[in-house]
Amino acid sequence: MVRAKVKYLPVKIKNRPEYRMAYWDIDSGREGPCLLVTAALHGNEVQGSEAIRRFCPMAEKKILKGRILLVPFANPLALWNRRPHIVSTLAEPFGKEEKDNINRTWPGDPDGNESEQVAHIFFNDFFKKVAPTYYIDLHCYNRFTLACSLADEKHPESIEFAEAAAFPIRRLFSWDQVKGKEEKKGLSSTNHKKFSLPQWIRDNGGTAFAVEFSGQYEITEKEVQRGVRMLCNCAKYTGIFRGRLEGMNDKPMIYREGRETRMIAVKAPVAGLFAENGFSNGDFVRKGDLLGTLFDDKTLKTIKIKAPMEGYLYLYGSTRKRCDVDLAAMHPYSDKDGILASIISDTGKKIKKSGKRR
Ligand SMILES: [Zn+2]
């Protein structure tokens with residue numbers, strides 16, 4: 001058995017006392033790939049942190065070769081703030097100031113804002129030095145949205161690596177597009193070219209993908225178990241562990257890969273209190289399944305809300321803008337036409353060249 005060593009990255013930014021970012025280094029002492037996993041770059045996205053904590057003792061036992069680096073809290077200042085960014089305040093939306101989003105600042109800036117300064121230290125003193133062969137970045141969507149893995153659409157290795165995660169949905173994503181958008185909006189306060197960490201890995205000969213668990217500001221057993229399975233699968237995929245990948249029979253739905261998908265929003269016919277019927281996002285529902293009941297506060301009537309088609313629950317629950325930011329936005333009282341669920345299915349058709357993505 002290999003012991004995981006606790007190591008530290010010292011972080012000193014302007015007008016803050018120095019702190020240390022703790023991480024585990026599990027080195028087999030044998031040649032092989034290096035797998036890096038980071039979680040909680042956004043301080044309210046902590047499902048992956050718990051998955052990493054449970055995965056670490058498994059890694060100590062099962063590592064055959066190479067090295068595993070686990071960073072459960074990649075952005076401690078945001079964690080201590082219990083919100084997405086270092087400077088986020090009460091009920092402030094995630095994207096209010098894009099410059100505060102550490103994930104839009106790479107490679108960071110020693111003279112920039114606090115997120116940019118932290119990014120600069122993390123990237124130069126840790127990430128670039130490690131230069132892992134494989135990298136997984138763990139995030140969380142709000143609790144109404146299903147978990148998915150995000151692979152790089154331009155990198156077949158990334159798509160294959162993300163498949164090992166066995167998540168309900170695998171989305172394809174253009175990392176380059178992220179960069180392009182930021183630059184277009186003039187968000188960059190430096191002369192550096194912005195990039196995402198998975199993109200840097202790809203451009204430096206490695207393979208990466210990102211994960212979105214379901215649920216911010218919380219730790220749920222379902223997501224953590226999904227996360228531990230994903231980490232074990234990915235360690236097996238890289239050859240660091242031995243064994244067969246698990247959960248590969250529940251074929252993930254691929255969202256955008258030359259295939260046409262259909263998404264239907266289930267809306268409230270009247271305003272009322274929406275009581276869910278025990279499903280959770282990512283579940284497969286059949287046409288006619290009872291998704292929940294709507295309790296009309298004006299007439300006290302009950303309205304049954306049924307699935308209009310079969311497919312996966314992409315969204316489930318009375319959900320609206322800023323859910324998981326403001327408690328009121330998580331309230332089960334829906335306005336008329338409020339979204340109660342969203343169902344996605346694969347039409348089985350290929351997207352025509354001129355066809356728009358849905
Ligand atoms: Zn995130």
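## Strand β4 and its neighbours

Strand β2 (residues 19-27) pairs with β4 in the antiparallel sense over four bridges; two strands count as paired if DSSP finds at least two bridges between them. Strands here are DSSP runs of E with at least two residues, and helices are runs of H or I with at least four, numbered from the N terminus. Opposite W24 stands L70 in β4. Strand β3 (residues 34-39) runs parallel to β4 and is joined to it by five bridges, with V71 in β4 as the bridge partner of T38.

Five of the five residues of β4 (residues 67-71) are buried, that is, 20 or more other C-beta atoms, placed from the backbone, lie within 10 Å of their own. R67, L69 and V71 point one way from the strand, while I68 and L70 point the other way.

## About the model

This is a predicted model, in which local features need pLDDT of at least 70 and side-chain atom pairs count only at pLDDT 80 or more, while totals for chains, interfaces and linings use all residues. Residues are numbered from 1 along each chain as its sequence is written.

## The nonpolar core

The largest nonpolar core has 91 residues. Such a core is a set of buried Ala, Val, Leu, Ile, Met, Phe, Trp, Tyr and Cys residues joined through C-beta atoms within 7 Å. V37, I68, C234, A235 and L313 touch the most other members. Helix α7 (residues 221-237) gives the most to this core, with seven residues.

## The whole protein

The protein has seven helices and 17 strands. Buried residues make up 45% of its 358 residues.

Definitions and conventions:
A residue is buried if 20 or more other C-beta atoms lie within 10 Å of its own, exposed if 12 or fewer, and partly exposed in between; C-beta atoms are placed from the backbone.
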